[in-house]
Amino acid sequence: MTLPIRARYEAAHDEGRPLLGGHRGNPAEHPENTMRSFRSAMAVGCDLIECDVHLSSDGRLVVIHDHTLERTTNGTGLVRDHTAAELRKLDAGDGEKIPLLQEVVELVIGKVGLVIELKQVPPLYEGLEDKLLNMLRQLGAVPECAVVSFNHSSIQQIKKMEPSLQVGILEGAKPLHPARMLREVGADVYSPHWGAADPHVVKEVHDAGGAVGVWPVDDEAAIAWCRYCKPDSIFSNRPKEVGAELRNWATV
Ligand code: G3P
Ligand code: CA
């Protein structure tokens, strides 16, 4: 069923559990950020799929985490120095290819929500936000996607371009005033490392009309902390196991 991403948050909240996000798909079982990983994340019951996006040298939106190729593929060098066709020839693990973002959107939309992380790293990708927005509009996918980034300027820019798009700011540290940051950027979701969340942060963001999404929730300590803090979504590299825990929260 097609459900706007905001409505997904509200439905999960009514069930007494956070949304489950597959962080780079289901990388515990399949190569991260590949179509196989995303299919698996949907099969194990994720509500959201998270993926990372860079631009190829010919301006295509490609799905890969690092700005270099060595860790996750059999290629070398910078992602930005290769055309999409060159990137597609590489092995991204177990014979999988580096996906084009369009393929991922087409795979998941109408089934689960998609959280797209813009890897807007120096030197900044010119036109990355425009290209992404054009694609989401053409595919009719704006309501079912959220766009997040550690680059808050990028998020501020894309929100101004499309106010109906849900956007989120990623944060590795623990700022003094998360809600103020959220407001300054015009973002909908505050998304810190799980260890930088606490019940006060969650309340502050909720009071400001925002949602909280934390990552990466992969072990018992992180799961227990999230049960205490009650964020709206959690992103896991082990979505199958963590999802089983979450379903218990709703029933206990
Ligand atoms: O969802 C946020 C998280 O993915 C940010 O960190 O490095 O895993 O992309 P990273
Ligand atoms: Ca990411």
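Guide: Buried here means under 20% relative accessible area, exposed over 50%, and partly exposed in between (1.4 Å probe, protein chains only). This is a predicted model, where local features need pLDDT of at least 70 and side-chain atom pairs count only at pLDDT 80 or more, while totals for chains, interfaces and linings use all residues. Residues are numbered from 1 along each chain as its sequence is written, chains are lettered from A and ligands numbered from 1 in the order in which they are written, and side-chain values use heavy atoms, with hydrogens and water left out.

Visitor: Is E32 buried or exposed?

Guide: E32 is buried, at a relative accessible area of 16%.

Visitor: And which side chain does E32 meet in a salt bridge?

Guide: That of R24, with 3.0 Å from N to O. A salt bridge is a side-chain nitrogen of Lys or Arg within 4 Å of a carboxyl oxygen of Asp or Glu. R24 is buried too, with a relative accessible area of 15%.

Visitor: How many salt bridges by this rule?

Guide: The count is 14. Another pair is R36 and E96, at 3.2 Å, N to O.

Visitor: Switching to ligand 1. What surrounds it?

Guide: The residues around ligand 1, with a heavy atom within 4 Å, include H23, R24, E50, H65, K119 and W215. The shell divides into three nonpolar, two polar and five charged residues.

Visitor: Which polar side-chain atoms lie by the oxygen atoms of ligand 1?

Guide: One of R24 lies 2.7 Å from a ligand oxygen, one of E117 2.8 Å, and one of D52 3.3 Å.

Visitor: What about the largest nonpolar core?

Guide: A nonpolar core is a set of buried Ala, Val, Leu, Ile, Met, Phe, Trp, Tyr and Cys residues joined through side-chain atoms within 4.5 Å. The largest has 58 residues, and I49, L101, L114, I116 and L136 touch the most other members. Apart from that core lies another, of 13 residues, including L170 and W215.

Technical notes:
Polar contact = N/O pair within 3.5 Å; in protein donor to acceptor, adjacent residues only side chain to side chain. Nonpolar A, V, L, I, M, F, W, Y, C, P; charged D, E, K, R; others polar.
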